[in-house]
Amino acid sequence: MAENLVTAPAGPPSADAKSRGPGNTVQHLLHAHPSLGPLVVLIVAAIIFDLINGRFFSAANLSIMLQEAAVIGLLALGQSIIILTAGIDLSVGAAMILAQMVMAGLAINSGWPVALAILLGLLVGLLTGLIDGVLVTRFHVPPFIGTLGTLGVFTALGLLYANGQTLTPGPNSLLVWTGTVIHIGSFSLTTGVLIMLALYLVVGFILARTAWGKHVYAVGDEPEASRLVGINTTRLLLSVYLLAGLVYAIAAWVQIGRVGDASTDISSTLNLDSITAAVIGGISLFGGRGVVLGTLFGALIVQVFQNGLALAGVQDLYQQLAEGLLVILAVAVDQWIRRVRK
Amino acid sequence: MTSQDENGPSDTSRTPVLAATGLTKSYGRVEALRGVDFELLPGEILAVIGDNGAGKSTLIKCLSGATTPDSGQLYLDGEEVTFRNPQAAQDAGIETVYQTLAVAPALDIASNLFLGRELRKKGPLGGLLRVLDFAEMRKQAKDHVSRMGIETLQDITQPVETLSGGQRQAVAVARAAAFGSKLVILDEPTAALGVRESGQVVKLIRQLRDNGLPIVLISHDMPSVFELADRIHVQRLGRRAAVISPKTHTMNDAVAIMTGARAA
């Protein structure tokens, strides 16, 4: 299964490695397996950080990193599907916060049954996706501008609805179910982590193994050719934004479980972090290239750098520096891979 | 019907695969088509030539379903048809290869051949989970490509972006031939290619005709047109000016009719 996700969508690499220099071989390898690069970076970084501080590879620390990565991992997953269509979503964080405030607000302030409140929150996620999708497909607004606009709108709506409150559900509420700790060996994961991993499996499978997935790649790669072969590109893009919106709302639920409350006071870097994770993970900003398994590695890389540099006692600023350098490296590698020729 | 038709190699008494009578189409005040007649006979390559603005593209769009004519009739195998969109024309067995290299570069050859028509696995895996049958698609793609005699497409799992321009266009033509059960429309298939690569595509087009597939070829490339076509439809000022045969007319004749320097 995981192997399949790595190889998609290009299929097995063409086997003729003859007459290729080592650089060329690496280029072709990365071209056929876009998640290989981030995997190597992840492993090397983890080993280096463990050499610096022996606590890095402890079960407790790895567990914390996974828990920390759950929300950003989910946001990056939604972001990745959109980037695969050569789009971008600047409204991820705002959409998540809005969905989160609606879930918690309806359950706690309005006294709705919690399950229904969560369902409504998921619907809000779908609605934010629908708005972004309609802007892009019907009004032909470039995704960058359209989602920049909805970033403002969703942020404002979230703040207006929350009215500055921090909403704390009871410890047994379904709202914080996503924070339930599950012990597997000496690891302590949360249901939120499992939800994230499950969604990566599902989305990765759909992208690699179904016609819808193929069409996502085709539309991101060459929208005009896709339209001419009879793909309904409008409907496809709309479904992509809807799915992404739903994933953001699930991220909202995981976020409430992780923190234990819902507030609008969440890191404003969520938008860029999700793009960072996707790009480091080898999803091409030009669309049509990359696999979501890479995004998962990307999200973990971001987490490993934050955690590892913190354990190494390095200033916050250097984490930002490292992240920035990684993004530049990832985009440069992407450009290099795209120049692959026979 | 112009007198030149009798000079053509094809037997005009047969039912045309695709025919049109009196097609008109206006865009605002611009009359792109002013009553065009059109016949494609079984097994022939019919070239469509004409100056810019002669209505070539509009004619082709009407035939491929990309646009609907304001008036006039379309006949497929003698039966009247209307195409409301390209999908309808494709469903009727008319495939079109467009000027731009209409392939998705990051996808492999097999995926491109089946793009928009993917095969699903049999049983619940395909029915319920909608899982694609990659093995079957690759097998069919391989068979098809070798049947068409495209030696340059060796590895069916190769991403299209690793191919040359000629090979990419070959993928697009192979795709059209695979699903165009009635006929294939090739809109400037060599316009984006170099000389050598054009040669590959020309060879492929001839191969298709030899396999019995009727072809409409729109091209500016006069040498290719005269090399390939059985008959040439000359479009001028929104009408069919003439249908000529490369056997009885020279390139200069064709250009003269096209530009109006000589009456058809």
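Leaving aside neighbours within four places in sequence, Asn307(A) is in contact (heavy atoms within 4.5 Å) with Phe56(A), Asn61(A) and Met65(A). This is a predicted model, in which local features need pLDDT of at least 70 and side-chain atom pairs count only at pLDDT 80 or more, while totals for chains, interfaces and linings use all residues. Residues are numbered from 1 along each chain as its sequence is written, chains are lettered from A and ligands numbered from 1 in the order in which they are written, and side-chain values use heavy atoms, with hydrogens and water left out.

**Around Asn307(A)**
- Helix H13 of chain A, residues 292-311, holds Asn307(A); helices here are DSSP runs (H or I, at least four residues), numbered from the N terminus.
- Asn307(A) has a relative accessible area of 14%, so it counts as buried (under 20%, 1.4 Å probe, protein chains only).

**Where the chains meet**
- Chain B brings 29 residues to the contact and chain A brings 28 residues.
- About 2,400 Å² is buried between chain B and chain A, with 58% given by carbon and sulfur atoms; buried area is the accessible area (1.4 Å probe) that two parts lose on being put together, summed over both.

**A charged link**
- The rule finds one salt bridge across the interface of chain B and chain A, a salt bridge being a side-chain nitrogen of Lys or Arg within 4 Å of a carboxyl oxygen of Asp or Glu.
- Arg289(A) and Glu161(B) form a salt bridge, their closest N and O atoms lying 2.7 Å apart.
- On the side of chain B that touches chain A, helices H2 (86-91), H5 (134-147) and H6 (165-179) of chain B each supply at least two residues.
- H6(B) gives the largest share of that side, three residues.

Notes:
Buried < 20%, exposed > 50% of the residue type's maximum accessible area, 1.4 Å probe, protein only.
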